[in-house]
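Reader: I have a structure to go through and I'm new to this. Can you walk me through it in short steps?

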Amino acid sequence: AQPVAEWLVHGYDNAGTRFSPLKEITTDNVKDMGLVWSYNLESTRGVEATPIVANGVMYVSAPWSVVHAIDVRTGERVWTYDPAVPRSYAKNACCDVVNRGVAVHDGLVYVGSLDGRLIAIDAKTGTKTWEQDTITDRSRPYTITGAPRVIKNKVIIGNSGAEYGVRGYITAYDAKTGKQAWRWFVVPGDPSKPFEDESMAKAAKTWDPAGKYWEAGGGGTVWNSMVFDPELNLMYIGTGNASPWAHRRRSPGGGDNLYVASIVALDPDTGKYVWHYQETPADNWDYTSTQDLILADLKIDGKVRKVVMHAPKNGFFFVIDRTDGSFISAKNFVPVNWASGYDKNGRPIELPEARSPDQPFDAIPGPFGGHNWHSMSFSPQTGLAYFPAQNIPLVLAEDKKWAYNKAQPGQAMAGIGWNLAMEVNPRPPTSTPFGRLIAWDPVNQKEVWRKEHVSPWNGGTLVTAGKVVFQGTADARLIAFDASNGRELWSSPMGTGVLAAPISYEVDGRQYISVAVGWGGVYGQTQRASERNTPGTVYTFALGGKAPMPAFTEFQRKRLVSGVKYNSDHVAEGTGLYVMNCAFCHGVPGVDKGGILPNLGYSAPEVIANLDRFVFNGPYVPRGMPDFTGKLSMEEVQKIKAFILSTADAIRPPK
Ligand SMILES: O=C(O)c1cc(C(=O)O)c2c(n1)C(=O)C(=O)c1cc(C(=O)O)[nH]c1-2
Ligand SMILES: [Ca+2]
């Protein structure tokens with residue numbers, strides 16, 4: 001049993017509940033909470049880390065996988081460790097240069113670096129003890145954004161890259177020495193070569209080799225969730241979407257494509273596959289199952305069941321038997337238009353229009369998910385799970401011209417190295433965006449309360465024995481809710497939009513709430529819901545805290561670009577080129593407000609006039625922008641310019 005006082009593991013405990021048993025802060029007195037200290041993470045990109053607090057020190061990772069050690073009594077820096085990720089590597093990260101946190105075990109702090117290394121740092125001194133390259137194939141754009149976990153003296157890490165085309169796997173290393181203990185691949189490799197294990201031979205039967213799925217890697221990356229049941233001696237992971245997204249392109253003859261979009265149970269000693277439950281068979285919509293898993297024992301139909309709970313991107317809340325992976329129940333927690341429900345065997349009942357070869361589909365939830373990685377919590381007191389639900393509209397249509405890794409004219413997303421085999425937004429979406437906090441009863445599979453927020457992309461949650469739920473929001477607040485009914489009890493402004501989950505811990509008999517804040521992640525690259533743009537900061541609160549808030553920085557909106565000549569005949573073609581090559585980082589010119597990356601509608605006229613100088617081996621390549629040399633022609637850049645300029649003209653208020 002861990003001391004209740006600290007926050008030693010990513011999800012608070014092995015079960016990943018994010019339920020703190022501390023109860024000095026209650027629904028009655030939370031209104032008296034104030035700031036105790038704040039700490040500058042010196043960053044401008046998404047902060048997604050759950051801090052770890054061990055022996056009075058907070059270990060938290062910032063963008064670019066930089067680790068900060070902070071004295072929780074004073075908020076002062078103990079040390080920082082920068083793994084010196086080459087900034088040019090950012091082009092390989094689909095969703096910002098984020099890091100979801102460190103693991104701490106036996107005097108060492110573990111971080112996965114964006115460029116794929118696992119590093120052990122001395123917790124006292126902040127110096128490196130060992131480092132391992134976790135990447136099996138350096139010719140592919142693998143990244144790491146997830147937090148490592150330590151299970152039975154092994155430190156375990158997965159990776160990312162399924163939008164680009166990689167083969168997902170996880171690896172365990174001896175926590176002390178860094179020596180590799182085991183590795184489990186999520187999807188099969190080239191079937192003409194020997195399979196790594198039996199589970200891969202079994203999985204290969206669910207892929208059609210005519211799709212040469214191994215060329216694009218197959219996907220199934222493990223980039224977020226990992227929990228552990230010591231009694232059953234099983235660890236559980238959630239696996240990501242397939243590479244490429246379009247099922248017909250990677251597996252033309254059909255097949256479920258194991259083990260993508262699944263919950264998988266592994267033996268933590270050997271890495272051997274034990275069971276799986278696939279939440280989205282034959283995924284076609286980027287429905288990753290990497291969202292936080294939570295283990296609990298729930299009384300269902302009069303019987304206590306050992307379950308794993310999950311609210312993945314696909315919009316259904318799952319309750320699965322964690323002893324053997326058998327299906328208990330699934331119910332949609334947001335509106336869903338790809339499936340009408342799940343049958344008693346746990347298979348989705350798909351709606352036919354969801355996989356049309358010819359028609360664009362405005363999937364609900366869209367590829368950003370009905371729930372993304374933002375952490376879920378579960379209170380055994382209320383029996384409720386708390387998580388941010390959302391919809392972010394995006395229309396997809398199968399890309400018939402797709403071929404792996406070939407930047408050919410008209411091939412969607414090839415210029416940025418993505419292999420989706422999908423065209424994005426071939427027509428404008430009609431579904432409605434929303435973001436809300438949901439309190440969900442997993443036994444009865446129903447929503448108990450909700451709180452609507454002003455925007456999607458809100459922060460993860462913490463729930464405490466004081467019956468308070470804490471959540472940060474996209475519009476830059478930290479809010480306390482009554483866990484039973486969702487009543488808002490307290491809130492504080494934050495320096496910018498919040499993504500990560502708060503934590504709670506006790507030092508010298510006092511309960512603290514901390515949250516690491518920095519807007520970004522995939523949605524935050526292009527959009528924002530707050531006018532604040534303060535650098536990444538850790539805020540720490542307690543009852544009676546009286547420290548002043550640090551000064552907040554305002555987001556500086558520039559002027560809509562104007563005064564550059566363009567040919568309006570180019571706009572139509574420029575629109576498609578812009579969406580395929582620019583939109584994922586820079587958003588819709590002038591319409592999206594600009595997230596953490598510049599919105600090109602607000603560029604200086606000189607930048608747009610000379611756009612080719614930025615696009616072809618430009619000044620931002622060393623900072624992570626892709627180089628479009630050989631992927632776009634000079635004429636195509638002229639067309640992209642016309643789209644940016646005409647959009648700015650279209651939304652400019654009349655004089
Ligand atoms: O398939 C992958 O390997 C992968 C990786 C990541 C990541 O590492 O951040 C994300 C996603 N997919 C993804 O689909 C997604 O929606 C997403 C959001 C975020 C984020 O940090 O905001 N990361 C990722
Ligand atoms: Ca993905």
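Author: Gln445 is buried, as its relative accessible area is 8%. Buried means under 20% relative accessible area, exposed means over 50%, and partly exposed is in between (1.4 Å probe, protein chains only).

Reader: Where is Gln445 found?

Author: Gln445 is in the loop between strand E31 (434-441) and strand E32 (446-453). Strands (E, at least two residues) and helices (H or I, at least four) are DSSP runs, numbered from the N terminus. Gln445 is not a glycine, yet its phi is positive, about 50°.

Reader: Before we go on, what kind of model is this?

Author: This is a predicted model, where local features need pLDDT of at least 70, side-chain atom pairs count only at pLDDT 80 or more, and totals for chains, interfaces and linings use all residues. Residues are numbered from 1 along each chain as its sequence is written, chains are lettered from A and ligands numbered from 1 in the order in which they are written, and side-chain values use heavy atoms, with hydrogens and water left out.

Reader: Back to phi. What about Trp457?

Author: Trp457 has a positive phi of about 70°, and it is not a glycine. Trp457 sits in the loop between E32 and strand E33 (461-464).

Reader: Is Trp457 buried or exposed?

Author: Trp457 is buried, because its relative accessible area is 1%.

Reader: New topic. How many residues surround ligand 1?

Author: 21 residues surround ligand 1. The closest are Glu48, Thr145, Ser160, Gly161 and Thr221. A residue is near a molecule if one of its heavy atoms lies within 4 Å of it.

Reader: How do the residues of that shell divide?

Author: The shell around ligand 1 has eight nonpolar, eight polar and five charged residues. Ala, Val, Leu, Ile, Met, Phe, Trp, Tyr, Cys and Pro count as nonpolar, Asp, Glu, Lys and Arg as charged, and the others, Gly among them, as polar.

Reader: What about His586?

Author: His586 lies in helix H5 (residues 583-586). His586 counts as buried because its relative accessibility is 16%. A polar atom of the His586 side chain lies 2.7 Å from the backbone oxygen of Pro598.

Reader: Which peptide bond at Pro365 is cis?

Author: The one joining Ile364 and Pro365, with omega about 0°. Pro365 is in the loop between strand E26 (348-350) and strand E27 (377-379).

Conventions: Polar contact = N/O pair within 3.5 Å; in protein donor to acceptor, adjacent residues only side chain to side chain.
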